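The following paragraphs lead the reader through one structure. Please keep the sequence and the model in view while reading.

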Amino acid sequence: MLRLSNIHAGYGYSEVLKGINLELNAGEIVTLLGANGSGKTTTLLTIAGVVRPQAGTITWNNAPLKATSPDEVLAHGICLSPEGRHIFPRLTVLENLLIGGYRLPASRNSAKLDRIYTYFPLLAERTKQLGGTLSGGEQQMLAIGRALMSEPKLLLLDEPSLGLAPQIVARIFEIIKAINREGIPILLVEQNAREALRIANRGYVLVTGQIVLSDTAENLLASDEVRRAYLGES
Amino acid sequence: MSLPPPDIILGGLVRGSIYGLVALGYTMVYGILGMINFAHGEIFMIGMFTCVFALGLLSTLLGTTTLINLLLATLVAMIFSAAFGYANERIAYRRLRKAHILAPLTSAIGLSIILQNFVFLTVSKDNISFPRVYSDQLNKVAFTLGGVHFNYLQFTILGTSLVLMAALFFFIHRTRLGIAMRGTAQDQLMASLVGIPVNKIIALTFVLGSSLAAVAGVMVSMYQSVAGWNSGYIWGLKAFTAAVLGGIGNIPGAVLGGLIIGLTEDITCYYFGSNWRNSVVFLILMIVLIIRPRGLLGERVADKV
């Protein structure tokens, strides 16, 4: 469905991605593991059209993804929910959600909102509250809800559990799994490698901009190398 | 010292509502790009000139059908100013968006000087007068209160300003484009990630602000009967001051700041004479900024992060 072939990308003169090859098939959750600075976020930003690849090709549904800006990528149904959640602080919860479906007909909004409110009943209670006044967990729920408003065919999630309390983390992962069961494939970048591998089908391990390991989530969870480096076990 | 008479208050409100209208342009551009568009006063001045010339042309073509000509001329002025505002952004600011903040600022000052001198050299070195035939009909006494005359022109200006401000407020808070505009002002990266065409929204901001400035220009030239190549400088500076006083980036703040400055000016003139008015206006600005650097309704910078 999505395929990255030999992607090189970076910022200015510094090359962060040094030839990434990865693929994601329909219905999958794929996770990217790696230390800080290994290029996980840059990979997502490159797919989303925020960072331009210097070399390599991105293929989407068997055709090259010829998009030069984030709104063009989104038009293909690829939606990134970035690290740090980026909730619009002075828009209300409802406005934050509505803006997520900006380029789609407003007639479909109420059905989508209903679905999002069943995932996150809390958001339904706070429609008029400003985004900036929500707690971190609530903001993450709003960020995922906003992404769903764009009717994504592929969801890119960057660190959805960062800085959240353990119970909320568990809830967020449950919902990611539930969204995936509805047929939306997900490319997930997570600090919390253990939880990510638990819900993922497959995973890739990045080290300084290159993929050093790729396997099923089960095998990665069992691998000594991964356990030592990313799951904090000795 | 007695209270100022009602005509002074009304005069101050009229002047202040015009400042507010121009200040909206400064504050919207600041809100979305974080830069001061110092050429905004010139957009206002171009609105003045366009209206006066359009009225001349329309009088020859259609005869002096007052209201229709006035509305048409205002529309032409809005379109012309909007085109200038759009071109300014395209030519002088867009390429500098990622540059140091002083670069677009300097570009804006340069543009302001170019536009002033362009009008000075090619259009008119002297003030041009607004055709009286259009303003006189509005300059009739609407009612008299306590021996003071109030005229229709003042109410037209005040009413037009308030209606436009309310319309802008509605647009920004209730429409899809308005929400996109606020979203772009708050987080440009995220705005592009939800599919908002950020460049178009920024262009729209300039177009809207410039149209409002054009209407303000039309009303000032009608009120004062003259327009000059340098009119944009002082009106622009006062409107900018109004935006800062109210809290730059804040829409109701621009209106509030405008009204306060307009009232301050006219009340100062009444008590101390017109020579004091600029001193008092800027003294108040300094005092407010010392006590409250973010302006009256501005958010703390920390809130924006």
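A nonpolar core is a set of buried Ala, Val, Leu, Ile, Met, Phe, Trp, Tyr and Cys residues joined through C-beta atoms within 7 Å. A residue is buried if 20 or more other C-beta atoms lie within 10 Å of its own, exposed if 12 or fewer, and partly exposed in between, with C-beta atoms placed from the backbone. This is a predicted model, in which local features need pLDDT of at least 70 and side-chain atom pairs count only at pLDDT 80 or more, while totals for chains, interfaces and linings use all residues. Residues are numbered from 1 along each chain as its sequence is written, and chains are lettered from A, with ligands numbered from 1, in the order in which they are written.

The largest nonpolar core has 154 residues, and A:L156, B:V22 and B:A216 have the most contacts inside it. Helix α9 of chain B (residues 198-224) supplies the largest share of this core, 15 residues. Helices (H or I, at least four residues) and strands (E, at least two) are DSSP runs, numbered from the N terminus.

Two residues are in contact if their C-beta atoms, placed from the backbone, lie within 7 Å. Beyond its neighbours within four places in sequence, B:V22 is in contact with residues including B:H40, B:F44, B:A213 and B:A216.

Between the chains, 14 residues of chain B are in contact with 21 residues of chain A. On the side of chain B that touches chain A, α7(B) provides the largest share, five residues.

In chain A, helix α4 (residues 109-119) contains A:R115. A:R115 is partly exposed, because 14 other C-beta atoms lie within 10 Å.
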